Amino acid sequence: MINVITKKHWFLRIFPSAFLIISLYFIPVSFLRAQPDGAKLFKANCSSCHRVDEKKLTGPGLKGVFERVPNQEWLYSWIKNSSKVIASGDAYATKIFEDNGKVTMTPQEHLSKEQIDAILGYIKNPPVSLAKPPDPIPNPSSHEKTKDDNSTFYFLIIISALLFVTILVLSSVKNSLQNVVNAKKGLPPAPEFGFRESIGLWFQNHKVHTVLIILLLVLYGSTKGWYALKGIGVYQGYSPAQPIKFSHKIHAGQNQINCVYCHHSAEKGKTAGIPSINVCMNCHKGISSGATTGTSEINKIYEAAGFNPETQKYDKPQKPVKWIRVHNLPDFAYFNHSQHVVVGKQQCQTCHGKVEEMDVVEQKSPLTMGWCVDCHRTTKVASSGNGYYEEIHARMKSKNDGKDFTVAENGGLECGKCHY
Ligand code: HEC
Ligand code: HEC
Ligand code: HEC
Ligand code: HEC
Ligand code: HEC
Ligand code: HEC
């Protein structure tokens, strides 16, 4: 009875597959792209002062904030411009302002309502790895439960439901056609099939389509999952405005101040460090105005150091500068500056770009695992005249017939070297 539908109705046969292919490949793109990325927006605009768990930074931890604040509208106005809300005499606003040492939150007028919604969504459902301390060796599955993956998942459910309905409709159309044909031939009406039977039958009789559908689902799931995984936590191009308009172009570029004059621990330890305000004062006690910003920015140095330019004494209270962190690896990854700068003899610029030409620092490298590993695969260890690993290096070289070897060959791809 299956082949009764004649070639005229070929479109009925390919319709479900065509429908599925089209939906899978066109709708999800707009569906996923339409949503601003809450994680990125949060990191760019809020993470310098807030965490999504209960821990306080400059601002309160945002876990459970939805239960604390008066209402959703309040949140929009507060996030856009908290000073306005405080100025309006709002009781809750005044209270948290005072509870948090009267620190004013940066106004975020540039954020659209959709973007704020995305941020709030992210605060509501932060990735698991942020909410609890990471496993010693991170478990990739804990990274999959993010928003992107959720929407993909819901989308697949919707698609499956649509496919389901389509199959139902088609099988009933087919049944009717069959009955018309049967009636003409004077045969009894075709037997009615139950719900599950008709679906089973459809798949049985459309083996090619079934294989295609399964292949597509697998392909779709894995590409989306892969991109979602790759995209998490990549903040290339991140370039936040700093509390003092410090310019590397003026200092490291025009005035040729050595990077390690300020970032002195880059040669000694794990972190490069941000210089303390005293380092600025070494020069700025004397230089009280700049060519582009006059006294306004340099006065902030004085305020931070508790320095009074009139008396030339440190007779005021200090107010530490809250520099906003640009580069930030997840806690579970270990990176050591001195190992790269001193032992590996890598230039700052290889990883950070031409900082000496930047007025505002920008993250130039993706800081992903792939980025680390690619360099380890291709970079030869600077073994000659390198006291640090002399013995190891000599041994490696003799194993390698005196040829240079890459970081990878020296164990630079072992998980435990970069993950605690
Ligand atoms: C410069 C630091 C800073 C930045 C950046 C910042 N906040 Fe805040 N935020 C605060 C402080 C401090 C408070 C506490 C109230 C006060 O002192 O003004 C606060 C309070 C809040 C509150 C109310 C918390 C509560 O417990 O009721 C929310 C919600 C909030 N911020 C959301 C955001 C969001 C969303 C962003 C990013 C778009 C952001 N904040 C960016 C410093 C900041
Ligand atoms: C006069 C002091 C000074 C010198 C010289 C200097 N820096 Fe900095 N650097 C700072 C300060 C202050 C900050 C924090 C504010 C900012 O991000 O602009 C900073 C931030 C950075 C950051 C971003 C840190 C983060 O939060 O991720 C990088 C990368 C950096 N510097 C690299 C360099 C390199 C490379 C050089 C040499 C070409 C250099 N710096 C020279 C003072 C200095
Ligand atoms: C080794 C000396 C030296 C150190 C250390 C130093 N500066 Fe400067 N800074 C200068 C010079 C030189 C200028 C250029 C003054 C001019 O424009 O004539 C300058 C200019 C500035 C300006 C004004 C820029 C403008 O054009 O308006 C600011 C702001 C500033 N520095 C901030 C800082 C901060 C913050 C630190 C500490 C992280 C710091 N500087 C450390 C030498 C230094
Ligand atoms: C092999 C790549 C690489 C090189 C070379 C390198 N950095 Fe970094 N730098 C990083 C990474 C990765 C981070 C983020 C570290 C983290 O979050 O733990 C970082 C972070 C920083 C920071 C931010 C805060 C901190 O203390 O870690 C500063 C400042 C910095 N680098 C300056 C420098 C300077 C100055 C040099 C040259 C003397 C340099 N870096 C060389 C990769 C590099
Ligand atoms: C620009 C190239 C470059 C990049 C990018 C880079 N590394 Fe390296 N790394 C090196 C070199 C060169 C060495 C070898 C140092 C030596 O001679 O022992 C090294 C060594 C290491 C070691 C020590 C390996 C060992 O065998 O003891 C660790 C750990 C490490 N890197 C972690 C990282 C991490 C984490 C990142 C990414 C955040 C990273 N590296 C990015 C060049 C790089
Ligand atoms: C050269 C350093 C390095 C080595 C070697 C390394 N990793 Fe990573 N890994 C990283 C960095 C850096 C990150 C954080 C990247 C990010 O946030 O995008 C990371 C992230 C991860 C993640 C989290 C997934 C993600 O993309 O965020 C997993 C899982 C992981 N590594 C497993 C491993 C395993 C398993 C090995 C050994 C086969 C290994 N790593 C070797 C540097 C390294």
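Predicted model: local features only at pLDDT ≥ 70, side-chain atom pairs only at ≥ 80, totals over all residues.

Biologist: Which protein atoms are donors of the iron atom of ligand 6?

Modeller: They are SD of Met-369 and NE2 of His-419, which lie 1.9 to 2.1 Å from the iron atom. The cut-off for a donor here is 2.8 Å, so both atoms qualify. Met-369 is in helix H19 (residues 369–378), while His-419 is in the segment after helix H21 (415–418), and the two are 50 residues apart.

Biologist: What makes the arrangement around the iron atom of ligand 6 octahedral?

Modeller: There are 6 donor atoms, and they subtend angles of 87 to 179°. Six donors count as octahedral if opposite donors are over 155 degrees apart and all others lie between 65 and 115. The arrangement around this iron atom is therefore called octahedral.

Biologist: Why does Met-369 count as exposed, and why does His-419 count as buried?

Modeller: Exposed means over 50% relative accessible area and buried means under 20%. Met-369 has 58% relative accessibility, so Met-369 counts as exposed. His-419 has 14%, so His-419 counts as buried. A side-chain N or O atom of His-419 is also 2.8 Å from a nitrogen atom of ligand 6.

Biologist: Which residues coordinate the iron atom of ligand 2?

Modeller: His-248 and His-263 do, each through NE2, at 2.0 Å. His-248 lies in helix H13 and His-263 in the loop between H14 and H15, so the pair ties together parts that are 15 residues apart in sequence. His-248 has 15% relative accessibility and therefore counts as buried.

Biologist: How do you know that the arrangement around the iron atom of ligand 2 is octahedral?

Modeller: The 6 donor atoms subtend angles of 87 to 180°, and on that basis the arrangement is octahedral.

Biologist: What makes the approach of His-337 to ligand 4 a polar contact?

Modeller: A polar side-chain atom of His-337 lies 2.8 Å from a nitrogen atom of ligand 4. The limit for a pair of N or O atoms is 3.5 Å, so the pair counts. In the side chain of His-352, an N or O atom is 2.8 Å from a nitrogen atom of ligand 4. For Gly-273, a backbone N or O atom lies 2.6 Å from an oxygen atom of the ligand.

Biologist: Which residues have the most contacts inside the largest nonpolar core?

Modeller: They are Phe-42, Trp-74, Trp-78, Leu-120 and Ile-123, in a core of 25 residues. Helices H2, H3, H4, H5, H6 and H7 each supply at least two residues of this core. The largest share, 6 residues, comes from H7. Apart from this core lies another, of 10 residues, including Ile-277, Cys-280, Met-281 and Tyr-302.

Biologist: What do the buried residues of H15 pack against?

Modeller: They pack against helix H13 (248–254), helix H14 (259–262) and helix H16 (296–305). The buried residues of H15 are Ile-277, Val-279, Cys-280, Met-281 and His-284.

Biologist: Why is Ser-338 called buried?

Modeller: Its relative accessible area is 14%, and buried means under 20%, so Ser-338 is buried. Ser-338 lies in helix H17 (residues 337–343).

Biologist: Why is Gln-312 called partly exposed?

Modeller: Its relative accessible area is 43%, between the limits of 20% and 50%, so Gln-312 is partly exposed. Gln-312 lies in the loop between H16 and H17. Its phi is near 60°, a positive value in a residue other than glycine. Most residues other than glycine have a negative phi.

Conventions:
Residues numbered from 1 in each chain as written. Chains lettered and ligands numbered in written order. Heavy atoms only, no water. Donors = N, O, S within 2.8 Å, 3.2 Å for Na, K, Ca; no water. Tetrahedral: all angles 85-135°; square planar, octahedral: opposite > 155°, others 65-115°. Helix = DSSP H or I, 4+ residues; strand = E, 2+ residues; numbered from the N terminus. Buried < 20%, exposed > 50% of the residue type's maximum accessible area, 1.4 Å probe, protein only. Core = buried A, V, L, I, M, F, W, Y, C linked by side-chain atoms within 4.5 Å. Contact = heavy atoms within 4.5 Å. Polar contact = N/O pair within 3.5 Å; in protein donor to acceptor, adjacent residues only side chain to side chain.
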